[in-house]
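Please examine the structure shown below.

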Amino acid sequence: MCIRDRYQRRVHGTELAKTHDYFVLDADGVIWEGNNEIGDSAKGLQYLLENKKSIFILTNNSYKSRKEFMKKGKSVLGMDIPENCWYTSSRITAVFIKEKFPEIKSVYVVGGPGIVEELGLVGITDVKGIEDSSKQYDESIFWSEEMKDKKVDCVIAGLDPGFNYYKLIFATNCIRRGAKFIATNSDSGIKMGTFLMPGAGSLVAAIEKCAETKPFLIGKPETISLEMIMRENKIPEGEKNKFVMIGDRLETDIQFAKNAGISSCLVLTGVTTKEMLGGDLKPDYVMDKLGTF
């Protein structure tokens with residue numbers, strides 16, 4: 001059953017499955033919230049797999065690697081979702097750097113271990129930053145040998161619960177000395193129950209403001225990830241009309257779908273509420289939750 005409302009079409013998941021073969025799904029706010037499954041999301045994913053649909057979990061969360069997300073999928077959903085179904089902004093960033101900037105050998109990371117792991121898998125092992133979470137600001141930093149280090153080719157910024165003033169200073173000055181600035185995503189926050197946790201975009205904005213340099217953006221709403229999905233899974237351009245993006249954010253998930261030229265479906269289990277749907281950016285479909293298959 002589908003019901004028309006003022007802005008877009010409310011739809012049951014089985015209807016989407018009749019017209020689409022490739023399902024790109026956000027994780028936070030769609031599949032889970034923190035370490036808790038949202039609704040019957042595992043049931044929805046299982047329905048898609050049983051009906052021979054391809055699923056690609058595309059998350060802007062760069063803190064974990066694909067292997068860590070696979071473990072989370074098993075513990076939260078009770079499902080063994082293969083590694084090639086996970087597209088994390090940490091991995092997409094690493095592959096992007098390897099392909100577009102092969103000259104980059106040394107990286108300063110404002111982010112989590114997922115970025116470090118994925119960089120290592122593409123052969124970039126000279127990585128600094130993770131250990132700086134415990135460092136305190138002191139004016140002597142500006143005269144230290146560490147600050148004079150000019151061997152950082154690139155600064156990557158993502159979700160980083162250990163972000164501090166020291167990292168802001170170091171990342172900023174690497175960029176001002178010529179290091180490339182790459183952001184895994186621009187998400188302002190992540191919903192955690194009734195609270196909002198600052199997202200990577202909040203940290204990226206601080207570095208951008210201080211360094212006076214705009215970053216290369218990798219995650220949604222940029223379309224680099226869809227290009228990678230189609231290339232790695234040998235999906236022809238003519239099949240793009242069979243893709244649908246299911247997410248909970250207008251400015252990332254739905255904008256990503258619009259930018260990529262694919263269908264979009266908003267679920268009402270994350271950041272975006274029904275009351276926020278009156279603007280110019282509209283999804284093609286709305287579902288109450290992923291579990292409505």
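Helix 4 (residues 89-100) and helix 8 (residues 224-232) pack with their axes 11 Å apart and at an angle of about 80 degrees. Helices here are DSSP runs of H or I with at least four residues, strands are runs of E with at least two, and both are numbered from the N terminus. The axes are lines fitted to C-alpha atoms, for helices over the stretch in contact, and the angles run from 0 to 180 degrees between N-to-C directions. Angles of 65 to 115 degrees count as roughly perpendicular, those under 35 as roughly parallel, those over 145 as roughly antiparallel, and the rest as oblique. Helix 4 and helix 8 are therefore roughly perpendicular to each other. At their meeting place, Arg91, Ile92, Val95, Phe96 and Glu99 of helix 4 meet Ile224, Ser225, Met228, Arg231 and Glu232 of helix 8; contact means heavy atoms within 4.5 Å.

The model is predicted: local features need pLDDT of at least 70, side-chain atom pairs count only at pLDDT 80 or more, and totals for chains, interfaces and linings use all residues. Residues are numbered from 1 along each chain as its sequence is written, and side-chain values use heavy atoms, with hydrogens and water left out.

A residue is called buried under 20% relative accessible area, exposed over 50%, and partly exposed in between (1.4 Å probe, protein chains only). Alanine 200 lies in helix 7 (residues 200-211) and, at 2% relative accessibility, counts as buried. Residues up to four places away in sequence aside, alanine 200 touches Gly158, Leu159, Thr184, Asn185 and Asp187. Threonine 172 belongs to helix 6 (residues 165-176) and is likewise buried, with a relative accessible area of 2%. Apart from neighbours within four places in sequence, threonine 172 is in contact with Ile207, Cys210 and Ala211.

Charged side chains come next. A search of the whole structure finds 23 salt bridges, a salt bridge being a side-chain nitrogen of Lys or Arg within 4 Å of a carboxyl oxygen of Asp or Glu. One of them joins lysine 53 to aspartate 21, with the closest N and O atoms 2.9 Å apart. This pair links distant parts of the chain, 32 residues apart: lysine 53 is in the loop between helix 2 (41-50) and strand 6 (54-59), and aspartate 21 is in the loop between helix 1 (13-19) and strand 3 (22-25). Lysine 53 counts as buried at 14% relative accessibility, whereas aspartate 21 is partly exposed at 28%. Both residues belong to a network of salt bridges that links Asp21, Lys53, Glu239 and Lys242.

Another salt bridge connects lysine 180 and glutamate 103 (3.6 Å, N to O). Here too distant parts of the chain are linked, with lysine 180 in strand 11 (residues 180-183) and glutamate 103 in the loop between helix 4 and strand 8 (106-110), 77 residues apart. Lysine 180 is partly exposed, with a relative accessible area of 27%, and glutamate 103 is partly exposed at 45%.

Finally, consider the surface. Tyr137, Phe142, Trp143 and Tyr165 form a nonpolar patch there, with about 510 Å² of accessible area together. Patches are made of residues with over 30% relative accessible area and no salt bridge, like charges being joined within 9 Å and nonpolar side chains (Val, Leu, Ile, Met, Phe, Trp, Tyr) within 5 Å. Accessible areas come from the Shrake-Rupley method with a 1.4 Å probe, and for residues only the protein chains shown count as cover. Tryptophan 143 is found in the loop between strand 9 (126-128) and strand 10 (154-157), and it is exposed, with a relative accessible area of 65%.
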